[in-house]
Amino acid sequence: MPKQKPVKYTSFPRGVLRLGVGCARGIRGDELLGLDAGSNPYWGEWFTMPITVPNVVENNNLVVQIYNENHLRSDNQIGYSRIHNLGELVMGCEKYSTGEVWHIVYDPGTQLPRGEIMLSFRFEPMGDVEFEKWVNDQVTALTFQQPPTQIRGAQSD
């Protein structure tokens, strides 16, 4: 049986893009009173982004911004990573999954590298019917995750 060539996409088709944010290394947090807030944060989080309208693969850029959590003042951005040609990166991978890849983190002020962040991308292309079902399932899941409404009745003496 001849080996099939992977499909070459010229656009991100409709579907679901999942972004895994693993950890970072070498990123300094804000230094307050000489104390470093940490340079190797771990998140271990996944974020889901529906791709509702197909986009041209070559022009898909994603910026991941990294903020510190500051209890004494407002949070501030300590870095960012820009992934160029995201569609081409993801769609060019087997099963549309990049695995864990280190990306450079830049200082928002100087634009110089200040560490790395580990990101993963997984894309699941979907047809119209499948995508509509996925959206409806997400809306249903969100509805059930809302806190229950408190019902207050009249109190009797």
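In this predicted model, Asn68 is located in the loop that connects E7 and E8. Asn68 has a relative accessibility of 10% and therefore counts as buried, the cut-off being under 20%. A polar atom of the Asn68 side chain lies 2.8 Å from the backbone nitrogen of Asn76.

The two strands on either side of this loop also contribute to the largest nonpolar core, which comprises 21 residues. Within this core, the residues with the most contacts are Leu17, Val90, Ile117, Leu119, Phe121 and Phe123. Two or more core residues come from each of strand E2 (15-25), strand E7 (62-67), strand E8 (77-83), helix H1 (86-91) and strand E10 (113-125). In soluble globular proteins, nonpolar side chains tend to be buried together.

When residues up to four places away in sequence are not counted, Ile117 touches Val21, Cys23, Ala24, Trp43, Val64, Ile66, Ser81, Val101, Trp102, His103 and Val105.

Strand E2 is largely enclosed by the rest of the structure, because nine of its 11 residues are buried. E2 is paired with two strands, E5 and E10. Strand E5 (residues 42-51) runs antiparallel to E2 and is joined to E2 by eight bridges; in this pairing, Val16 has Pro50 of E5 as its bridge partner. E10 is likewise antiparallel to E2, with nine bridges between them, and Gly15 is bridged to Pro125 of E10.

How values were computed:
Residues numbered from 1 in each chain as written. Predicted model: local features only at pLDDT ≥ 70, side-chain atom pairs only at ≥ 80, totals over all residues. Heavy atoms only, no water. Core = buried A, V, L, I, M, F, W, Y, C linked by side-chain atoms within 4.5 Å. Buried < 20%, exposed > 50% of the residue type's maximum accessible area, 1.4 Å probe, protein only. Helix = DSSP H or I, 4+ residues; strand = E, 2+ residues; numbered from the N terminus. Contact = heavy atoms within 4.5 Å. Polar contact = N/O pair within 3.5 Å; in protein donor to acceptor, adjacent residues only side chain to side chain. Pairing = 2+ DSSP bridges.
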